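Hello,

Here is the structure I said I would hand over.

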Amino acid sequence: MSATFPFTTDRSLDNEPEAQELLARRGPVVPATMGPIEIWLALSYAACKQVLTDPRFSREEATRPGGPVTLPSAANPLVLTSMDGRRHARTRKLVASAFSPRMVALLEPRVQEIVDSLLDASPVDLVSGLCVPLPTMVICELLGAPYSDAPDIRRWTGRLMTGRLTPEELREVEDEMQGYLADLVEEKRVRPDDKLITALVLAHDEGGHLTSAELLANLQMLLAAGHDTTVNQLGNSLLTLLRHPAEMQRLIDSPALIGTAVDELLRFSRLIAATLPRVTTEAVSLEGVQLPAGAAVLPVLSSANRDPAVFPDPDRLDVGRDNAAPLAMGFGPHYCVGAQLAKLELRIALTSVLKRFPGLRLAVDESSLSYRMETNVRALVSLPVAW
């Protein structure tokens, strides 16, 4: 019997039991239906890693008309995440310079300053008081967008990150956001600064590296996805630690574990069920399963990150786990361009919260917590706390 996607797992769960059961009972690659589309689910760590690195699994092909779509705003063929080969390498090189290890290291004092200022207010809701403003402020500063525009940016992002947009609704929100960005681009031409939008504008104007449409589409992607995933991963990570007080205390007692703890929380605390789909460009063997050319394949990261063949005792949170190496931020050519920045924000925010509030606890019964249901990501509405 064919499996179905999306899964029906409750948003409150850190894991994806349906995917884990499919991996355990039916193997690493399983046929499924996603609405009217037939698709293959890559469930194991090895299968997902191959799909993410093997050029025969194409993102570009998945954006063609009739291709598999899990997030309409990510199916735009002009954005970095929809490109393959030389087009992808060219665009990524332009964008990645702002997220280099050196640039991220230079941002560390500013990120700490933002976190400290937010925690000085003793937020009783960590979502609205920390998780939302921190990544939003950081991405605005990195790109050179005024933080005063954050309410509009969050509103547009909320719509872009839903999987339920009609083509007309998507076009409406993209027109709004790209109109805003077009005005910002013109402003940077007149008054350039040292931020990413100015750098991309200069590259566009001087060398024609990006068309105007590519420039606006990728700025939209960076502004939206560049902060929303961190917003939600931070909220989920804080809740996961609150659910595991012994591991939270271990991190309080040994703050040097924060690097492994962030990787472990990325592995353990589910943000999405699966990353963007691919389509095979030729017949290919995936973990012993023969797939024809034109097959739609979905890398299910939530099961890959709990694969017992890679992670011993995968359903146990271990903030000191060696070599966690989760696939939460992808792998290979499409590895999240902002991964190092996101990890920096997570490290600083988690360390600072636990240092400032070692008695942190939920202020409400966990059953009263709610999640945004319109989005594909696991996103807390609020996280009321006391200490």
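The model is predicted, so local features need pLDDT of at least 70 and side-chain atom pairs count only at pLDDT 80 or more, while totals for chains, interfaces and linings use all residues. Residues are numbered from 1 along each chain as its sequence is written, and side-chain values use heavy atoms, with hydrogens and water left out.

Sheet: six strands form an open sheet of mixed pairing, in the order β1-β2-β3-β8-β5-β4. Strands (E, at least two residues) and helices (H or I, at least four) are DSSP runs numbered from the N terminus, and two strands pair if DSSP finds at least two bridges between them. The edge strands, each pairing on one side only, are β1 (3-4) and β4 (57-58). Strands β2 (residues 29-34) and β3 (residues 37-42) run antiparallel and are joined by six bridges; A32 has I39 in β3 as its bridge partner.

Helices: α1 (residues 17-26) packs on the sheet, touching β1, β2 and β3 (contact means heavy atoms within 4.5 Å). The direction of α1 makes about 135° with that of β2; axes are lines fitted to C-alpha atoms, for helices over the stretch in contact, and angles run from 0 to 180 degrees between N-to-C directions.

Pocket: α5 (101-120), α7 (133-143) and α10 (196-207) each supply at least two residues of the lining of the second largest pocket. The largest share, four residues, comes from α5.

Regards
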